[in-house]
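User: I would like to go through this model and ask what lies behind the terms used for it. Please set each value against its cut-off where one is needed.

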Amino acid sequence: MSETLSGSCLCGGVSVSIPIPPDDSMGVCHCTDCRKSTGTVAGYFLRVSTESFHLDGKEHVKEFTVKADTGNIYRRFFCRDCGSRLWDRDSKETDYVCAGLFPPGTLPKPTYEQFVRHLEKWEKTHEGAKLVQVQS
Ligand SMILES: [Zn+2]
Ligand SMILES: [Zn+2]
């Protein structure tokens, strides 16, 4: 079995594990949906294929479906007990797992940022990150 990275929601009811994230898997999204759904100014996500994403505590998970500005449908999952945002799933079977679920010091640096036009004046993009305006 390959090595995995494990994380959990705040209350511990939901655990997730993914393969050790490759260097190019971390992204930041500044879109207004991510802003509201995470409750902070940007979402940090690890991109993984749905089939390699493992979940425990499914009974604690609730979801909210939104149609993004791009027209894509996103399912946004969260813990019904503590409210932690967990992951997003797009219609192409890709999961974007919320990076904050994982322990400090375990994450690769962001390699892409989306919707940078929504940056606050005092926010800076990450050095070396590719800036994209719209999700592909
Ligand atoms: Zn929880
Ligand atoms: Zn977003």
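User: Which strands form the open sheet with antiparallel pairing, and in what order?

Analyst: The model is predicted. In it, 3 strands make up an open sheet with antiparallel pairing, ordered β1-β2-β5. β1 (4–8) and β5 (54–56) are its edge strands, each pairing on one side only. From one strand to the next, the twist averages 20°.

User: How do you know that β1 and β2 pair?

Analyst: Two strands count as paired when DSSP finds at least two bridges between them. β1 and strand β2 (residues 15–19) have 5 bridges, in the antiparallel sense, so the pair meets the cut-off of at least two. Within this pairing, Ser6 stands opposite Ser17 in β2.

User: What is the order of the strands in the open sheet with mixed pairing?

Analyst: That sheet has 8 strands in the order β6-β7-β8-β9-β4-β3-β10-β11, and it is open. β6 (61–67) and β11 (130–132) are at the edges; each has a single partner strand, so one side of each has no neighbour in the sheet. On average, neighbouring strands of this sheet are turned by 25° against each other, direction ignored.

User: What holds the strands of a sheet together in general?

Analyst: Strands pair through backbone hydrogen bonds, and the pairing is either parallel or antiparallel.

User: Why is strand β9 called largely enclosed?

Analyst: A residue is buried if 20 or more other C-beta atoms lie within 10 Å of its own. In β9 (residues 94–98), 4 of the 5 residues are buried, so the strand is largely enclosed by the rest of the structure.

User: Which strands are joined to β9 by bridges, and by how many?

Analyst: Strand β4 (residues 43–49) is joined to β9 by 5 bridges and runs antiparallel to it. Strand β8 (residues 85–89) is joined to β9 by 3 bridges, also antiparallel.

User: What joins β7 to β8?

Analyst: Strand β7 (residues 73–79) and β8 run antiparallel and are joined by 4 bridges. Phe77 stands opposite Trp87 in β8.

User: What makes the phi of Glu93 worth a remark?

Analyst: Most residues other than glycine have a negative phi. Glu93 is not a glycine, yet its phi is positive, near 60°. Glu93 lies in the loop between β8 and β9, and the hairpin of these two strands has 4 residues between them.

User: Which value of phi does Phe115 have, and where does Phe115 lie?

Analyst: The phi of Phe115 is positive, about 55°, although Phe115 is not a glycine. Phe115 lies in the loop between β10 (112–114) and β11.

User: Why is Phe115 called buried?

Analyst: The cut-off is 20 or more C-beta neighbours within 10 Å. Phe115 has 22, so it counts as buried.

User: What makes Arg76 a buried residue, and which residues does Arg76 touch?

Analyst: Arg76 is in strand β7. With 22 C-beta neighbours inside 10 Å, Arg76 counts as buried, because the cut-off is 20 or more. Leaving out residues up to four places away in sequence, Arg76 touches Ser37, Glu63, Phe64, Val66 and Asp88. The C-alpha atoms of Arg76 and Thr106 are 23 Å apart, with the two residues 30 apart along the chain.

User: How do you know that the radius of gyration agrees with that of a compact globule?

Analyst: For 136 residues, a compact globule would have a radius of gyration near 14 Å; the chain has 14 Å, so the two agree. The C-alpha trace spans about 40 × 30 × 30 Å along its principal axes. Of the 136 residues, 29% are buried.

User: What does the record annotate, and what is the secondary structure there?

Analyst: The unreviewed UniProt entry carries the annotation "domain: CENP-V/GFA" for residues 5–123. Over residues 5–123 the chain is 6% helix and 42% strand. The chain as a whole has 1 helix and 11 strands.

Technical notes. Residues numbered from 1 in each chain as written. Chains lettered and ligands numbered in written order. Predicted model: local features only at pLDDT ≥ 70, side-chain atom pairs only at ≥ 80, totals over all residues. UniProt positions renumbered as here; feature names shortened; annotations may be inferred. Rg over C-alpha atoms; globule rule 2.2 N^0.38 Å. Buried ≥ 20, exposed ≤ 12 C-beta atoms within 10 Å, placed from the backbone. Axes fitted to C-alpha atoms, helices over the stretch in contact; angles between N-to-C directions. Contact = placed C-beta atoms within 7 Å.
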